[in-house]
Amino acid sequence: MSNKVYINSVAHISMQQPLSREWMQNPVVPTAPCTPAIDPEFRQWLNPLKSRRWGKILKRAVVTSTRALGDAGITVPDAVISGTGRGCMADTESFIQALVAEGETANQPTHFMQSTHNTTGSLIAIYTHCHGYNATYSHNGHSFDWALLDAFMQLERGSVSNTLVSCNDELTPAASRILLQAGLAGRPGQTTMSEGSVSMVVSRNACNALCRVESVELYHDTPIADKVGSPDVVWTGTNGIDTQQYDFLKRLGVPIMSYKSIFGDSDTASAFGTMAAACMLQQQHMGSALVVNIEGKNASIIRLAR
């Protein structure tokens, strides 16, 4: 069994066409400061009776997970690892609003149970009958990064042979208003704030893999010049107004691409970046809508060796 780690499949629900790769050829370019996700027809994937009490974030998580597992030919994953910045915001808001309006005697068990951050990971495990390793990471903008790092380590040490990594965040109307009022969204040139779900199967199986994951590394206050080497493309999460980061990356003299330009900004936006990078490596195609800067080298993408 190989100790190398691969991304075998990906699925997403975002402000692009859900569960498709239409974004590579014909992306939806947002103009509003806050843009909701485009949901698929959930009835095609979920039993309406079983899922009637689920919030949108839970439905999205289960649908993308089911799609990613199906594309990878896996029925029951060995592990479920989740990431979320703010968890089930809609259920949390409903629970708190009931407490404010009716006091502590308000009976809102469903909203209470679904307001915790690990609800999505638990539901995915129940839905897929996974009794293995299950963990949820909630570290704001690093939630997906830690989830992917955990999956990478679990696979490298041989604890599991495959993992389902699912990252989910939702943007409620109330949260949108707060972001706008606080000046955290809608600034000139800033990418839109959005929401969505990304699920991917990460395993040690190289067969039909989208790409190989060489390593997962997180840094704090470390000069990026010491780490990037000589890439063909810099894949960054610039939100359009962090000009200091962009100016530095521009000096590298290679094409700069930003996934937030079409997937929006959120705590788990880096999951969309990883998904998009894996798809482009597989298809050897770079979506022009993602290119921020095309100066320097030719924008070629090199398939990672298996």
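The model is predicted, so local features are reported at pLDDT of at least 70 and side-chain atom pairs at pLDDT 80 or more, whereas totals for chains, interfaces and linings use all residues. Residues are numbered from 1 along each chain as its sequence is written, and side-chain values use heavy atoms, with hydrogens and water left out.

The protein chain contains nine helices and nine strands; here helices (H or I, at least four residues) and strands (E, at least two) are DSSP runs, numbered from the N terminus. Of its 306 residues, 50% count as buried, where buried means under 20% relative accessible area, exposed over 50% and partly exposed in between (1.4 Å probe, protein chains only). When contacts (heavy atoms within 4.5 Å) are taken between residues at least 6 apart in sequence, 76% of them join residues at least 24 apart.

We turn next to the interior. In soluble globular proteins, nonpolar side chains tend to be buried together. A nonpolar core is defined as a set of buried Ala, Val, Leu, Ile, Met, Phe, Trp, Tyr and Cys residues joined through side-chain atoms within 4.5 Å. The largest such core has 41 residues, and those with the most contacts inside it are Ile 7, Trp 23, Met 200, Val 202, Phe 263 and Met 275. Helix H9 (residues 269–283) gives the most to this core, contributing nine residues. Beyond its neighbours within four places in sequence, Phe 263 is in contact with His 12, Ser 14, Met 15, Gln 16, Trp 23, Ser 194, Phe 272, Met 275 and Ala 276. A second, separate core comprises 23 residues, including Ala 37, Leu 58, Ala 61 and Ala 125.

Helix packing comes next. The axes of helix H1 (residues 56–71) and helix H4 (residues 119–128) come within 10 Å and cross at roughly 45°; axes are lines fitted to C-alpha atoms, for helices over the stretch in contact, and angles run from 0 to 180 degrees between N-to-C directions. From H1, the residues Ile 57, Leu 58, Ala 61, Val 62, Ser 65, Thr 66 and Leu 69 meet Thr 119, Thr 120, Leu 123, Ile 124, Tyr 127 and Thr 128 of H4. By class, this contact has eight nonpolar, five polar and no charged residues, with Ala, Val, Leu, Ile, Met, Phe, Trp, Tyr, Cys and Pro counted as nonpolar, Asp, Glu, Lys and Arg as charged, and the others, Gly among them, as polar. An α-helix has 3.6 residues a turn, so residues three or four places apart point the same way.

In helix H6 (residues 173–181), the residues Ala 174, Ala 175, Ser 176 and Leu 179 are buried. Helix H2 (89–102) is among the elements that cover them. H6 is followed by Gly 183, whose phi is positive, near 75°.

Positive phi values also occur in residues other than glycine. Leu 19, in the loop between strand E1 (5–13) and H1, has a phi near 55° and is buried, with a relative accessible area of 13%. Asn 208, in the loop between strand E5 (196–203) and strand E6 (211–213), has a positive phi of about 60°, but this residue counts as exposed at 65% relative accessibility.

Three further residues complete the account. Ser 20 also has its place in the loop between E1 and H1 and is partly exposed at 26% relative accessibility; Ser 20 and Val 10 are 10 residues apart in sequence and 9.9 Å apart in space, C-alpha to C-alpha. Ser 258, in strand E8 (residues 256–258), is buried, with a relative accessible area of 2%. Not counting residues up to four places away in sequence, Ser 258 touches Trp 235, Thr 236, Gly 237, Thr 238, Leu 290 and Val 292. Gln 154, found in helix H5 (residues 143–156), counts as buried at 10% relative accessibility. With residues up to four places away in sequence set aside, Gln 154 touches Tyr 133, Ser 159 and Val 160.
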